[in-house]
Amino acid sequence: PAMRARVVALALLLMSAGVTSATDQAWLLGRWEMMHDPDGGPKDWLEFTTDGRVTSTKPDGQRLAGRYLASESEVQMNFKVGTLSVIVTLAADADKQHLYAKSARTGNTAVYEKRP
């Protein structure tokens, strides 16, 4: 058990390397709205909180909760769907007012915009 605890601690340390502190993530916190999806996906909103949680909400009220890690240039979200982990990476633009989700299937990019 002690060895396992050390392995877990090391994994957490490595995962946090290069991740900005909570105060540096102020640009991300709050609500983001999908403004454009060239693939025609359903509109959704992403809500990022200070405790590392993210929620995706569809227009019909359906919600999916997950966790996120952010750096200065991207956000990695991890949603649990049944027994699967679905990891989505969004790239931030230089002014941190837009997040871009590139589809692995089509290569198209959906755009999220920070909402007040």
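How do the residues of the lining of the largest pocket divide into nonpolar, polar and charged? The lining splits into 15 nonpolar, seven polar and seven charged residues. Nonpolar covers Ala, Val, Leu, Ile, Met, Phe, Trp, Tyr, Cys and Pro; charged covers Asp, Glu, Lys and Arg; the others, Gly among them, are polar.

## Model basis

This is a predicted model: local features need pLDDT of at least 70, side-chain atom pairs count only at pLDDT 80 or more, and totals for chains, interfaces and linings use all residues. Residues are numbered from 1 along each chain as its sequence is written, and side-chain values use heavy atoms, with hydrogens and water left out.

## Fold and surface

The protein chain has one helix and eight strands (DSSP runs numbered from the N terminus: H or I, at least four residues; E, at least two). The order from the N terminus is α-β-β-β-β-β-β-β-β.

The protein chain has 116 residues, and 30% count as buried (under 20% relative accessible area, 1.4 Å probe, protein chains only).

## Largest pocket

The largest pocket holds about 630 Å³ of space. A pocket is an open set of points on a 1 Å grid over the protein atoms alone, where a 1.4 Å probe fits, with protein on both sides within 12 Å along at least five of seven lines; lining residues have an atom within 4 Å of a point. Volume is the space filled by probe spheres set on the points, which are joined across faces, edges and corners.

The lining of the largest pocket counts 29 residues; closest to the centre are Asp44, Lys58, Val88, Ala101 and Tyr112. Strand 4 (63-70), strand 5 (74-81), strand 6 (84-92), strand 7 (98-102) and strand 8 (109-114) each give two or more residues to this lining. Strand 6 supplies the largest share, four residues.

Key
Buried means under 20% relative accessible area, exposed over 50%, partly exposed in between (1.4 Å probe, protein chains only).
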